[in-house]
Amino acid sequence: MHIVRSSFSTFFPAYFVLLLSVAQAQSFVPEESIQDRMASFLSERYLQSTFAEPELIRSYYASPMVSYWGSKNVRIDYVLRDKKSYSRRWPVRSYRLLTETLEIEPVQNNPDIYFVLFEYEFNVQSRSKRKSGIGEARLVVKTDEIGFTILGEDGSVVYRFYLINFATNFSAFNLEFIM
């Protein structure tokens, strides 16, 4: 079991209090498989959700409200509009989970709900801008027979990569690359 380096209650105080008061239930997910299942969900669904249809994205989130990027009780329709807006702003984008950073901690008294922390590599591009770097995501996720449901989502950019246009910025130098 990984120890989470951040206090999730700082990012999701409403859910933290609510979840701790929920009666303990038996989790259907064997403890040894949660890491692999969560990595698969994050890589194949969550990080690719900006490419998905709205109804598929809706299925990843609790309904009708979630904790979303610093706001609690956000309607799922707002989340869908926000994701669509992000897709329009950055039409070219890619994400890659950094699996070695994945940390999962079960919520006390409720083994079906987890605090999830991970980093991912991102590269987004519009007609006039390109940004890339490492982001950190903080989620509260519930498990059930079907899979995972996001109850809360937050995150931040950890590192930004700055791309240098060698042709423009170093035109006075003769750069030779040896293969």
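Colleague: What makes Tyr159 count as exposed?

Modeller: Tyr159 has a relative accessibility of 51%, and since exposed means over 50% of relative accessible area, buried under 20% and partly exposed in between (1.4 Å probe, protein chains only), Tyr159 counts as exposed. This is a predicted model, in which local features need pLDDT of at least 70 and side-chain atom pairs count only at pLDDT 80 or more, while totals for chains, interfaces and linings use all residues. Residues are numbered from 1 along each chain as its sequence is written, and side-chain values use heavy atoms, with hydrogens and water left out.

Colleague: Where does Tyr159 lie, and which residues form a nonpolar patch with it?

Modeller: Tyr159 belongs to strand β6, residues 148–161 (helices, H or I with at least four residues, and strands, E with at least two, are DSSP runs numbered from the N terminus). Together with Val158 and Phe161, Tyr159 forms a nonpolar surface patch with about 280 Å² of accessible area (Shrake-Rupley method, 1.4 Å probe, only the protein chains shown counting as cover for residues). Such patches take residues with over 30% relative accessible area and no salt bridge, joining nonpolar side chains (Val, Leu, Ile, Met, Phe, Trp, Tyr) within 5 Å and like charges within 9 Å.

Colleague: How do you know where the buried residues of helix α3 fall around its axis?

Modeller: In α3, residues 34–44, the buried residues are Ile34, Met38, Ala39, Phe41 and Leu42. Viewed down the axis of α3, they fall within an arc of 165°, so they line one face of the helix (the arc is that of the directions from the helix axis to the C-beta atoms). Asp36 and Glu44, on the other side of α3, are exposed, whereas the cover over the buried residues includes α4 (54–60), β3 (92–107), β4 (110–125), β5 (130–143) and β6.

Colleague: Why is the meeting of Glu55 and Arg58 called a salt bridge?

Modeller: Their side chains meet at 3.4 Å, N to O, and a salt bridge is a side-chain nitrogen of Lys or Arg within 4 Å of a carboxyl oxygen of Asp or Glu, so the name applies. Glu55 and Arg58 are three residues apart in helix α4, and therefore separated by about one helical turn. Glu55 is exposed at 55% relative accessibility, while Arg58, at 25%, is partly exposed.

Colleague: What does the salt bridge of Glu153 and Lys83 tie together?

Modeller: The closest N and O atoms of Glu153 and Lys83 are 3.3 Å apart. Glu153 lies in strand β6 and Lys83 in helix α5 (residues 76–89), so the pair ties together parts that are 70 residues apart in sequence. Both Glu153 and Lys83 are buried.

Colleague: Why is the aromatic pair of Phe118 and Tyr120 called tilted?

Modeller: Seven aromatic pairs are found in the whole structure. For Phe118 and Tyr120 the centres are 6.1 Å apart and the planes stand at 50°. Rings of Phe, Tyr and Trp (its six-membered ring) pair if their centres lie within 6.5 Å, and planes under 30 degrees apart count as stacked, over 60 as edge-to-face and the rest as tilted, so the pair is tilted.

Key. Contact means heavy atoms within 4.5 Å.
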